[in-house]
Amino acid sequence: QLECKIQESVAMKEELQKQYASLGESLKKVEAEQMECLRSYGDEKEARIAAESSRNELSEELNRVKLEQKRLNDQIKMLQDTNKRLQEYNTSLQQYNCNLQADATKNAETIDKLQKEKNTMVETMNGLKDHSNSVKLQLEMAKSSQSEALKQKNNLLSEVEALRGELHQVRDDRDHKSAEINSLLSDLGVYKELTGKSSSELENVMIRCDALEETCSNQTEKIKTLQIQLASANEKLKRSNLTTMETMSEYESQKRMLEDLQLRLTEAEQKIVDGEKLRKKLHNTILELKGNIRVFCRVRPLLSNESGAVSYPNNGENIGRGVELMHNTQSYSFAFDKVFDHSASQEDVFTEISQLVQSALDGYKVCIFAYGQTGSGKTHTMMGNPEFNDQKGLIPRSLEQIFQTSQCLMSQGWKYKMQVCSN
């Protein structure tokens, strides 16, 4: 509304200046006529009387014109004061807009930082998950090895029991054989004393006794070997138990670390959501300050069969917002929210529009349309040539931004449903 009032004031000012110029020209004409009347005063008295009466009327009209000029000057001064106040208010709004943009930039940096931290946490969590899986695999392998060791221990224990039974039997046999030897020796002594058998029988008995003693020593060595195997099996079982305990403690620590990282990841996601809400609010505030309805002008190059000249203001408040046309020695000035000259690229135009696409992604209704005569460049601006990146129009670039942003936000839990209609 303020800009509309400023434009109306400027138009009124121009109209008053034109009126003042026309009145000045009228004044000059009147003065010329007055001089002509004075020169012809001596020639014709009647003409002088008529000229005097006409001069009096023109004097009265001149006084009225001077009063009107004074009143118009006062109005111009008042409009200039109003324009100055509006410019100051516009400057304050631009300063506030800059502050909001700085805050939005800071929030965007914070969101990017949180997003990077989240990605780092996700990678760390994935690494910990892999490590946890490997630890679980090691734990399962340790459990399987432990169960195998237990089986081996049980087998060894059964073998030891069997060997112990054999040992007892061998000892019993040895004691029995010893008893037999003793009985044989006693019998030998008795026989020597009583019957006096030959020495050959004594040698046979001694050979039999030596064989029994050798069998007993072999059994003793086998018992020692089995005891050594039993001790090594017990040592393996102890090491397996220690490895299992260490694996379980490491698994518990990894589990606690994973829970801590998941908690930190949840907090980071909440911070990202809060930052996204603040960014949407600031972004919408900036666009509202710029104006919910904005009109841009894009000037295409003049063709060879077209006449006229186009220029752009280099100073004043219409820099980047105004355009001046020259046609048949007549100058026309226009002002818009933004003016793109003939050298502006498709990227330059989309940069100004991309904020509106972001507003659409934030949930606000947005409408962008091109208006102009046939051949003015509407299709080039809206569609362009999608086969070349630098010649893409607003529609392909907007779709690319929509899909890229939706893909980025899918990691935050957002879901988008795309629908396109053509009228």
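The dialogue below treats the sheet, then the patch, then the salt bridges.

Tutor: This is a predicted model, in which local features need pLDDT of at least 70 and side-chain atom pairs count only at pLDDT 80 or more, while totals for chains, interfaces and linings use all residues. Residues are numbered from 1 along each chain as its sequence is written, and side-chain values use heavy atoms, with hydrogens and water left out.

Student: What is the order of the strands in the open sheet?

Tutor: Strands of a sheet pair through backbone hydrogen bonds, either parallel or antiparallel. Here three strands form an open sheet in the order S2-S3-S4, with antiparallel pairing. S2 and strand S4 (330-335) are at the edges with a single partner strand each, so one side of each has no neighbour in the sheet. Strands are DSSP runs (E, at least two residues), as helices are (H or I, at least four), numbered from the N terminus. Two strands pair if DSSP finds at least two bridges between them; S2 and strand S3 (residues 322-327) have three, in the antiparallel sense. Ala309 stands opposite Met326 in S3.

Student: Which residues form the nonpolar patch on the surface?

Tutor: They are Leu302, Val310, Leu325, Tyr332 and Phe334, with about 410 Å² of accessible area together. Patch members have over 30% relative accessible area and no salt bridge; like charges are joined within 9 Å, nonpolar side chains (Val, Leu, Ile, Met, Phe, Trp, Tyr) within 5 Å. Areas come from the Shrake-Rupley method with a 1.4 Å probe, and for residues only the protein chains shown count as cover. Val310 lies in strand S2 (residues 309-311) and is partly exposed at 31%. Buried means under 20% relative accessible area, exposed over 50%, and partly exposed in between (1.4 Å probe, protein chains only).

Student: How many salt bridges does a search of the whole structure find?

Tutor: A salt bridge is a side-chain nitrogen of Lys or Arg within 4 Å of a carboxyl oxygen of Asp or Glu. The search finds five. One of them joins Glu235 and Arg239, with the closest N and O atoms 3.9 Å apart. These two are four residues apart in helix H3 (residues 199-290), which means about one helical turn between them.

Student: Are Arg397 and Glu347 buried or partly exposed?

Tutor: Arg397 is buried at 10% relative accessibility, whereas Glu347 is partly exposed at 41%. Their salt bridge has its closest N and O atoms 2.6 Å apart. This pair links distant parts of the chain, with Arg397 in helix H6 (residues 394-410) and Glu347 in helix H4 (residues 346-361), 50 residues apart.
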